[in-house]
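These are my notebook entries, written down in the order in which I looked things up.

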Amino acid sequence: MKTFRPSSPWLIVAQLLALAISAGAQNSAQNRAREGDELTIIVGDENGVAISGARVVIEGPGRVIRCESDLAGRCRFSSLSGGPWRLHVEREAFYVLTLSPVQTSGTLEVTLVHQQEVRETVNVLESSPAIDPEQVSSEEQLSGLDIINIPYPNTRDYRYVLNFIPGVVLDQTAQPHIAGGETSQSLTELDGFNVTQPANGQLLVRVSTDALRSVDVETSRISARYGKGPAGVLALGTGIGDNHYRFAATNFVPSVQNKRGWALDKVDPRFTFSGPIQKGRIWFFDGIDGEYDNVIIPELPRGEDRDTVWRLGNLLKVQTNVTARNILTSSFLVNRLHDNHLNFSTLAPASTRPEDNENLYFASLKEQHTFAAEALFELGVAVSRYGLDQVPLGTAPYVLTPQQAEGNYYRQAHTIASRWQGIANLYLPRNWHGRHDLRFGIDIDRLGYGQAFRRSSITSLRNCPALSLNCYPLSLFSTFSGGGPAFVANREASAFVEDRWALLARTLIEAGVRYDRDDIVGRQLFSPRLAGSYVVDRSGDTKLSAGIGVVFQSTDLALIAAPFAGSRSDTFFTANGSASTFVTSFTVDRTRLLAPRFLNWSLALERKLPWEIFLKTEFLERNSIHGFVYNTPGGAGGTNFVLENTRRDHYYGLKVDLRRMFRKRYVVTASYMRSRSRSNQVLDYSLDNPVLSSQLAGPYPWDAPNRFVSWGWLPLVKGFDAGFSFEGRTGFPFAAVNDQQQIVRPPGTYRFPTYISLNVHLEKRFHALGFNWALRGGFDNVTNRQNAFTVNNDINSPQFLTFSNFDRRAFTARIRFLGRK
């Protein structure tokens with residue numbers, strides 16, 4: 001087994017990090033001597049957590065001085081003579097703070113309060129939007145209130161709201177694809193910790209939508225702090241309590257449906273409870289969400305037309321301010337999911353699908369220490385564990401006909417994936433020919449993946465004419481061997497150093513380098529990043545940004561474990577009954593593996609237009625080499641697949657985004673994206689993938705060349721609000737296969753019809769029985785557009801190119817209990 005050498009760069013950077021912490025502490029006394037000549041503003045939230053990026057303005061006699069708070073929440077002002085001076089502080093998602101008069105020297109701590117669904121007082125103002133001169137990366141954000149207000153299907157699952165973030169596309173399984181990349185090419189963080197599923201890279205962590213305080217997506221010009229997410233970063237931020245006890249409940253009333261007689265439809269209650277354990281020092285937050293779905297597909301025969309799904313989740317957080325400069329935060333998340341018939345559809349009736357049980361356990365502990373000299377140190381540990389069990393409903397042979405599946409599912413599966421993570425980050429500001437915000441960090445992970453499979457046979461039938469004597473009905477017969485218990489482990493070590501240099505008043509340069517290494521690939525990886533922004537005018541209404549960087553992709557353990565899943569024997573039968581047999585197996589030679597390498601570059605323009613409209617347009621291109629893909633040696637035909645580094649991905653995207661904010665959090669957004677996501681080897685082989693073909697070039701299954709999304713939240717009359725969301729895009733591509741599951745038309749030859757969906761809801765907020773309530777009703781897919789989710793792609797089937805599983809118009813209602821003021 002390979003081990004890390006003591007002289008490896010991650011250890012050297014760790015030692016430098018320790019020295020930098022010592023230097024920051026020693027430099028505190030020197031900075032205190034200067035504090036008598038200047039005013040230091042420290043911006044924090046209700047719980048004492050530093051707020052970066054707050055716009056701090058000091059106004060005095062004939063002078064206006066502006067500053068943005070750094071990562072430690074600090075702004076420094078010098079030479080504040082005369083007076084009086086007035087302070088104005090704001091940041092999006094917080095209420096505005098004004099204070100007058102203010103002192104001209106020393107330290108002043110101010111508190112910004114998060115925007116609440118129900119205001120504590122009536123004389124507060126929401127922060128206005130503005131172009132952020134300190135923001136170098138391409139970032140899109142939804143606040144917690146946005147997530148609550150946007151009307152979208154399946155509001156119980158936050159992943160569906162990601163669809164309304166420019167640059168994010170959701171596939172048919174609710175997996176997000178950031179900037180055209182695979183889900184596994186994105187880094188997903190929950191409160192600063194990596195929660196990407198270690199084995200397959202999917203987004204499986206579920207948090208109550210009412211528990212989210214923000215969702216941030218970065219697609220380009222990404223900081224060196226983030227590693228192994230070449231497509232982008234998805235950061236989920238959750239809330240915490242304050243000095244007020246708060247309780248809220250959503251969707252605690254079940255709904256009904258009338259598809260085959262009246263029946264229960266679903267109930268998906270969510271509850272949040274938060275407040276102080278010890279006022280001013282210890283706070284808690286608990287977010288519980290559940291779900292029960294009774295899914296009915298009328299196109300299927302009775303007894304095969306129903307599926308039941310239930311889910312339970314709970315997030316518990318506690319924050320303790322040990323001292324004014326030491327903040328300790330702990331969290332624990334549990335997810336449980338049960339589905340009687342996984343991937344139930346018109347082509348896969350209930351009895352043909354397995355029973356599915358999944359669970360997730362996540363726990364974290366993070367300490368944040370602030371030095372007097374603006375230095376900020378962060379230390380954290382986290383552990384996550386993903387479990388999956390799938391069991392067929394019987395032992396009947398599994399049969400694939402040209403129309404649909406029959407019998408019972410062929411595979412029983414048990415998998416466990418885990419991650420242990422430790423992080424340390426240091427922020428250390430310096431002044432030398434401008435302001436330097438230095439950041440250092442390390443990240444050490446231990447990953448594991450265990451699997452065990454048991455498979456029965458699969459029979460594929462061809463479509464023979466009635467009473468035909470010259471057509472052999474059996475097309476393909478597949479059997480499996482192996483698949484016993486196996487375990488794969490990996491260790492990852494990362495380090496980074498980054499400098500944000502404010503060279504001039506309106507120019508910011510961000511340069512950094514990242515180091516990564518893991519046991520499986522075993523190579524030293526360095527990722528240089530360079531980006532910058534320039535505010536064109538003194539009013540701050542126009543900004544240009546550009547950047548380029550190298551990002552490597554993480555190693556998915558499921559790819560490495562594929563050889564342990566066993567082998568597959570396929571016997572093909574011609575129409576006259578002649579047979580030929582091929583055995584499929586998978587092989588990994590770790591000594592020959594390279595890390596997939598991506599080069600990203602982008603250009604962006606932000607402009608404040610008349611009528612408070614904000615424009616953002618951006619071009620992004622990403623190219624990769626050495627992508628992981630199973631292939632036959634040399635690309636020749638065969639069934640002995642070897643994990644190679646022969647995949648090359650290409651993505652480009654041009655985005656135009658408009659946003660108009662109104663008073664009281666009302667907003668309208670619109671975004672158009674022209675993009676292309678392709679690969680030279682687009683097929684992903686696996687033992688359970690029945691598609692048999694040599695590798696092909698083409699678009700990825702989530703490729704949508706033209707896409708327009710818009711959403712808004714607007715006031716009506718007499719206390720009513722209206723919300724809408726719209727998505728229109730090119731249909732997803734797919735390939736055509738024959739009755740032997742061989743590709744006969746490459747991916748992209750066909751596409752689903754154009755997808756169009758408009759959701760419109762009305763909401764009334766009112767006070768009754770001494771409490772605040774919000775009642776909402778509206779239609780999803782109000783135009784009743786027949787958006788299909790399933791297609792028969794068997795070219796030998798009479799139902800070839802028949803679309804099904806349509807998204808129909810649906811009335812939905814929501815009631816929220818918001819507690820008292």
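Predicted model: local features only at pLDDT ≥ 70, side-chain atom pairs only at ≥ 80, totals over all residues.

**Entry 1: terms and ground rules.** Residues are numbered from 1 along each chain as its sequence is written, and side-chain values use heavy atoms, with hydrogens and water left out.

**Entry 2: a hairpin.** I looked up strand 45 (residues 733-737) and strand 46 (residues 743-751), and found them paired in the antiparallel sense over 4 bridges. Phe734 has Tyr750 in strand 46 as its bridge partner. Between the strands of this hairpin there are 5 residues, and Gln741 takes a positive phi near 60° there.

Entry 3: I next followed an open sheet of 4 strands, whose order is 3-2-5-6 and whose pairing is antiparallel. At its edges I found strand 3 (63-68) and strand 6 (97-99), each of which pairs on one side only. On average, neighbouring strands of this sheet are turned by 15° against each other, direction ignored; for such angles, axes are lines fitted to C-alpha atoms, for helices over the stretch in contact, and angles run from 0 to 180 degrees between N-to-C directions. Strand 2 (residues 55-60) and strand 5 (residues 86-90) share 5 bridges in the antiparallel sense, and Ile58 stands opposite Leu87 in strand 5.

I then checked Ser81, which lies in the loop between strand 4 (74-78) and strand 5. Ser81 counts as exposed at 56% relative accessibility, where buried means under 20% relative accessible area, exposed over 50%, and partly exposed in between (1.4 Å probe, protein chains only). Although Ser81 and Pro61 are 20 residues apart along the chain, their C-alpha atoms are separated by 9.2 Å.

**Entry 4: cysteines.** How many disulfides does the structure hold? I noted 2 disulfides, a disulfide being a pair of cysteine sulfur atoms within 2.5 Å. Cys67 and Cys75 form one of them, with sulfur atoms 2.3 Å apart, and the torsion about their S-S bond is about -95°, so this disulfide is left-handed. Cys75 is buried, at a relative accessible area of 1%. Cys464 and Cys471 also form a disulfide, with sulfur atoms 1.9 Å apart, and their link is left-handed with -70° about the S-S bond. Here Cys464 is partly exposed at 24%, whereas Cys471 is buried at 18%.

**Entry 5: aromatic rings.** Rings of Phe, Tyr and Trp (its six-membered ring) pair if their centres lie within 6.5 Å, and planes under 30 degrees apart count as stacked, over 60 as edge-to-face and the rest as tilted. By this rule I recorded 27 aromatic pairs. Among them, Phe273 and Phe284 are edge-to-face, at 5.2 Å centre to centre and 65° between the planes. Phe273 lies in strand 18 (residues 270-278) and Phe284 in strand 19 (residues 282-296), so the pair ties together parts that are 11 residues apart in sequence. Phe273 is partly exposed at 37%, while Phe284 is buried at 14%. I also noted Tyr700 and Trp702, a stacked pair at 4.8 Å centre to centre with 5° between the planes; both residues are buried.

**Entry 6: charged side chains.** A salt bridge is a side-chain nitrogen of Lys or Arg within 4 Å of a carboxyl oxygen of Asp or Glu, and the structure holds 45 of these salt bridges. Where does the bridge between Arg55 and Glu90 sit? The two side chains meet at 3.1 Å, N to O; Arg55 lies in strand 2 and Glu90 in strand 5, so the pair ties together parts that are 35 residues apart in sequence. Both Arg55 and Glu90 are buried.

Conventions:
Pairing = 2+ DSSP bridges. Helix = DSSP H or I, 4+ residues; strand = E, 2+ residues; numbered from the N terminus.
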